[in-house]
Structure formats: structure tokens, C-alpha cells
Amino acid sequence: MSAIGVARADIAALVEEATSVKGFAYLPERLVPPCAVVMPGATYIESGDTFGSFTARYTVDLVMGNAANSVSSSGLDDQLENAIIALVNEGYSIEQVSQPYAMEVNNAAYLSATIQVTTKIRP
């Protein structure tokens, strides 16, 4: 597997462990919330700080399951915090976290937020 694929799989596994929701390193055929989906970010790969190194950018979409709004909002905050702490402790950089939004999946809206993560890679 490529270095960028390994990093994406590692991020998905780390977020899954930290949040106790299913983590995917790809967009599954059928999304079943609650879950976390890791995808390539905007400017996926760019030059790194040193020769031969690169920075890879990923997005982690945390998608909450169906619940009362107060429960989903509180749960999303908890999951974001758990994921961010785990990622930072493993050396990933957090660029930003989006405001919560309604993600349309399977003809339903789920409370979600996106974490933008970067990491250094060497192919």
C-alpha cells in the first residue's frame, strides 16, 4: 500500500479507536451513521519542508446517528474532542474543524462536522 493510503488507514483506525464509531478510510457504498469517513483533502499532497518530503491533507467527517438535537450536538462535541486529542497525540496536525452541518445520507440528514488533518509523508 502507498504511504498516502497507509496514512489514511491509520487516521481512520485512530479515530475509530478514540470515538468508538466505525471508521472508514474510504467512502463506503452505504453510509451507516454514526461513523467517521477519511477522505483526501483539498490540496491532497504538496511539497514538504525538506527535500523529498511531502504534506498530505485529509478530511475526517464525523457523522452522528439519529437522536434528539441536544443529544446529537453534545455527542458530536464529545466525538470531535476525542478525535482531535487522539490525532494530535499521534503527531497529526489539525488545520481546522468545520461548524456542524446537516449531511444528507440515504435520504436523511445527520449532524456532522469535518476535521482537516495534515501529516508529513515520505513516499
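How many salt bridges does a search of the whole structure find? The search turns up three. This is a predicted model, where local features need pLDDT of at least 70 and side-chain atom pairs count only at pLDDT 80 or more, while totals for chains, interfaces and linings use all residues. Residues are numbered from 1 along each chain as its sequence is written, and side-chain values use heavy atoms, leaving out hydrogens and water.

**View 1**
Side chains of opposite charge can pair when their charged atoms come close. The term salt bridge here means a side-chain nitrogen of Lys or Arg within 4 Å of a carboxyl oxygen of Asp or Glu. Arg-57 meets Glu-46 at 3.2 Å, N to O. Arg-57 sits in strand β3 and Glu-46 in strand β2, so this pair ties together parts that are 11 residues apart in sequence. Strands, by the way, are DSSP runs (E, at least two residues) and helices are runs of H or I with at least four, all numbered from the N terminus. Arg-57 also meets Glu-95, at 2.9 Å, N to O. Glu-95 belongs to strand β4 (residues 93-97), so here the parts tied together are 38 residues apart in sequence. How covered up are these side chains? Buried means under 20% relative accessible area, exposed means over 50%, and partly exposed is in between (1.4 Å probe, protein chains only). Arg-57 is buried at 11%, whereas Glu-46 is partly exposed at 32% and Glu-95 is partly exposed at 40%.

**View 2. Lys-120 pairs up with Asp-49 in a salt bridge.**
Their closest N and O atoms are 3.5 Å apart. The pair links distant parts of the chain: Lys-120 is in strand β6 (residues 108-121), Asp-49 is in the loop between β2 and β3, and 71 residues separate them. Asp-49 is exposed, with a relative accessible area of 69%.

**View 3. Two aromatic pairs show up in a search of the whole structure.**
Rings of Phe, Tyr and Trp (its six-membered ring) pair if their centres lie within 6.5 Å; planes under 30 degrees apart count as stacked, over 60 as edge-to-face and the rest as tilted. Phe-24 and Tyr-26 have ring centres 5.7 Å apart and planes at 75 degrees, so they are edge-to-face. Phe-24 is buried at 12% relative accessibility, but Tyr-26 is partly exposed at 45%. Tyr-44 and Tyr-58 are edge-to-face too, because their centres are 5.9 Å apart and their planes are at 85 degrees. This pair links distant parts of the chain, with Tyr-44 in strand β2 (residues 35-47) and Tyr-58 in strand β3 (residues 54-63), 14 residues apart. Tyr-44 is partly exposed at 24%, while Tyr-58 is buried at 0%.

**View 4. The backbone has a cis peptide bond between Pro-33 and Pro-34.**
Now look at Ser-20, a residue other than glycine with a positive phi, near 60 degrees. Ser-20 lies in the loop between α1 and β1 and counts as exposed at 66% relative accessibility. Thr-43 isn't a glycine either, yet its phi is positive at about 50 degrees. Thr-43 lies in strand β2 and is partly exposed at 45%.
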